[in-house]
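I opened the model to look up a few places and wrote down what I found. The entries follow in the order I made them.

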Amino acid sequence: MNKLSDKTINKVFYRWLFASQTAWNYEKMQGLGYCYSMLPALREIYTNEDELNAAVKNHLQFFNCNIVTGQFILGADLAIEEAEGAKSREAVAAIKTGLMGPLAGIGDTLFGVTLNTVFGSIAAYMALEGSSIGCYMWILANIAKIIISKGFIKAGYKQGAKLVASVGNVLKNITDSASMLGLMVIGALIPTVVKATVPYVYTSGEAQLVAQEILDKIMPGLVPVAIVALTYWLLGRKKMNSTRVILILIVLSIVLFNLGILA
């Protein structure tokens, strides 16, 4: 495999920094932006056209992460693909899936909410008072974010290289670990993101049986889990894509709500 130049790594860094939201959509979110960012490195790593096409297709999959902390994933991706080439395809996909959720949570909290809220509020207040210092603080805060982003891609590249060096050509452990982390993150998000309850209440004289309470005793979050399981099952069908699944879920939600089955 070809050794990546600093110029190429910098291209990946700046592309992600300024174009990570390129062609953002509900199906792949930042998938196209990620692929666009990695393209200079992929062209340098893969001299075989078939391998390059496969790598590009691999990076067109779903991806969504904070712009600052997401640089860590790109850095690790660069190091692993640089060392292992086409053999790293599954490991790279698993690492992206496993790390994008946790790093998005950290990045959005620190750089998306906290930093923007604190420095944005100071800048706005000082501007209302007739001072321009707050605006300069806001600019410096965003410059600091760029510097921190650069640190993240360097750290990711360094740690990715260590991972490859420690396991050699065997990437199964990395793939399995990252996949497990991704499943844990998805599993934890189900009861908090998917909101669905069964409103039916059976009444017999003074006795009442609340369907949702019975379901919660069987397993809390059973209905959201069932909806997610249905979604995964639909996605596994032939001639089915995420857009069609979304439409099916929308129609199903409207029907079940109006029938009083789900709320």
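**Entry 1: a loop threonine**

I looked up Thr69 and found it in the loop between α3 and α4 (70-84). Before going on I noted that this is a predicted model, in which local features need pLDDT of at least 70, side-chain atom pairs count only at pLDDT 80 or more, and totals for chains, interfaces and linings use all residues. Residues are numbered from 1 along each chain as its sequence is written, and side-chain values use heavy atoms, with hydrogens and water left out. Helices (H or I, at least four residues) and strands (E, at least two) are DSSP runs, numbered from the N terminus.

Is Thr69 buried or exposed? Its relative accessible area is 1%, so I put Thr69 down as buried (under 20% relative accessible area; exposed is over 50%, partly exposed in between, with a 1.4 Å probe and protein chains only). I then listed what Thr69 is in contact with, leaving aside neighbours within four places in sequence: Leu103, Ala104, Gly107, Phe111 and Phe152. Contact means heavy atoms within 4.5 Å.

**Entry 2: a methionine in α2**

Met38 lies in helix α2, residues 31-45. I have Met38 as buried, because its relative accessibility is 0%. Not counting residues up to four places away in sequence, Met38 touches Val12, His59, Leu74, Asp77, Leu78 and Glu81. I also checked Met38 against Thr8: they are 30 residues apart along the chain, and their C-alpha atoms are separated by 9.4 Å.

**Entry 3: α3 against α5**

Two packed helices are described by the angle between their axes and the distance between the axes. For helix α3 (residues 49-58) and helix α5 (residues 89-128) I have an angle of about 15° and axes 11 Å apart. The pair is therefore roughly parallel (angles under 35 degrees; over 145 is roughly antiparallel, 65 to 115 roughly perpendicular and the rest oblique). Axes are lines fitted to C-alpha atoms, for helices over the stretch in contact, and angles run from 0 to 180 degrees between N-to-C directions.

Which residues meet here? Glu51, Ala54 and Asn58 of α3 meet Arg89, Val92, Ala93 and Lys96 of α5.

**Entry 4: the hairpin**

Strand β1 (residues 201-204) and strand β2 (residues 207-210) run antiparallel and are joined by four bridges; two strands pair if DSSP finds at least two bridges between them. I noted Gln208 as the bridge partner of Thr203, and Leu209 in β2 opposite Tyr202. β1 and β2 form a hairpin with two residues between them. In the turn, Gly205 has a positive phi of about 65°.
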